[in-house]
Amino acid sequence: MLERILIVGFGSIGSRHARLAREIIPDVQIAVLRHQQCDDIPTGAIDYCFTSLDEALQFRPQAAVIANPATHHLKSALPLANAGVHLLIEKPIASTPQGVTELIDICRAKGTVLMTAYNLRFLPALQRFRESLDAALIGRVLSVHAEVGQFLPGWRPGVDYRNTVSAKAELGGGALLELSHDIDYLHWLFGDIQWVSAFLRTQSDLEIDVEDTALLTLGFTGRNGVKSLIATLNVDFVRHDSTRTCVAIGETGTLRWNAITGTVDLFKKGEPSWQTICVHPPKRDESYMAEWHHFINCILQGTPPLISGQDGLAVLNIIQAARLSSAKRSVVETV
């Protein structure tokens with residue numbers, strides 16, 4: 001079992017990871033690496049606090065969670081990878097694709113786990129949605145529409161949104177990187193994304209220097225023999241009715257996943273109305289806890305993670321293509 005875990009960054013997500021690690025492995029030693037002292041951290045939440053990477057490496061962590069801003073992920077992850085530390089890297093795996101392949105290669109050479117923390121894949125309702133697609137419940141999928149949006153100032157109550165990572169380009173903010181979960185799960189559900197046509201803009205009066213709205217059309221190579229599938233994805237920081245949905249239209253019906261309610265609904269050809277086939281409202285820590293158990297099992301059993309470093313890189317390649325597409329107003333290949 002793991003004896004020493006390092007948490008890099010101790011914002012809301014870093015503190016959650018520390019809490020869950022303690023809950024899963026009560027006797028584990030938890031250290032935090034951050035740019036400031038840990039006087040504000042409750043007693044007992046962690047065992048050690050470091051302000052330099054050299055100190056953190058002397059702690060000899062067996063596993064680390066990278067939860068600092070995305071623009072700093074690789075600065076922390078590469079030295080830890082070279083030291084043979086198993087890595088769970090919060091999404092996105094970095095702010096740009098540059099340097100991610102090097103990280104993947106190091107972890108492969110060291111035989112360590114490199115997992116990208118796209119926790120939505122562990123939601124039971126999304127897993128049921130995928131199972132239903134694979135079972136051809138609606139026949140061959142013909143088109144897909146996904147959307148995700150939430151008003152940025154309401155994300156973190158009591159925190160000035162203008163000072164958050166989400167609002168700052170220098171920290172890897174913006175709607176696409178912050179809500180890249182949805183690119184990842186679409187890639188997981190429907191296969192590799194070959195090309196992107198995108199429009200990015202700051203539509204609102206929010207005081208941010210990143211896009212608050214992104215409209216993407218995605219071309220897939222397809223899974224299970226399905227080819228030439230096209231999907232649309234709308235991403236934003238501006239809507240007040242928090243939304244995360246995916247609708248797959250097939251030859252024999254329509255399948256709809258709602259992340260907010262945790263439901264999967266089916267509209268079958270010839271039927272008069274929607275039928276709910278899954279109800280599993282999301283619980284606060286459920287997907288993160290499942291993510292942690294999976295990460296630990298991969299370490300102990302030497303098995304590959306559900307969301308690999310290569311999956312994290314694929315999302316960044318798609319985002320890079322989307323930015324280029326918006327700038328050039330043209331379709332752009334993802335690799």
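Student: Which residues in H1 meet residues in H8?

Tutor: Contact means heavy atoms within 4.5 Å. Helices are DSSP runs (H or I, at least four residues), numbered from the N terminus. Here Ile13, Arg16, His17, Leu20, Ala21, Glu23 and Ile24 in H1 meet Tyr288, Met289, Glu291, Trp292, His293 and Ile296 in H8. By class, this contact has eight nonpolar, two polar and three charged residues. Ala, Val, Leu, Ile, Met, Phe, Trp, Tyr, Cys and Pro count as nonpolar, Asp, Glu, Lys and Arg as charged, and the others, Gly among them, as polar.

Student: What should I know about the model itself?

Tutor: This is a predicted model: local features need pLDDT of at least 70, side-chain atom pairs count only at pLDDT 80 or more, and totals for chains, interfaces and linings use all residues. Residues are numbered from 1 along each chain as its sequence is written, and side-chain values use heavy atoms, leaving out hydrogens and water.

Student: How many cavities of 30 Å³ or more does a search of the whole structure find?

Tutor: Rolling a probe the size of a water molecule over the atoms shows where empty space is left. On a 1 Å grid over the protein atoms alone, a cavity is a set of points where a 1.4 Å probe fits but cannot get out; lining residues have an atom within 4 Å of a point. Grid points are joined across faces, edges and corners, and a volume is the space filled by probe spheres set on the points. The search finds one such cavity.

Student: Which residues line the largest cavity?

Tutor: Leu123, Pro124, Ala125, Trp257, Ala259, Gly262, His280, Pro282 and Glu286 line it. Six are nonpolar, two polar and one charged. The volume of the largest cavity is about 30 Å³.

Methods. Helices (H or I, at least four residues) and strands (E, at least two) are DSSP runs, numbered from the N terminus. On a 1 Å grid over the protein atoms alone, a cavity is a set of points where a 1.4 Å probe fits but cannot get out, and a pocket is an open set with protein on both sides within 12 Å along at least five of seven lines; lining residues have an atom within 4 Å of a point.
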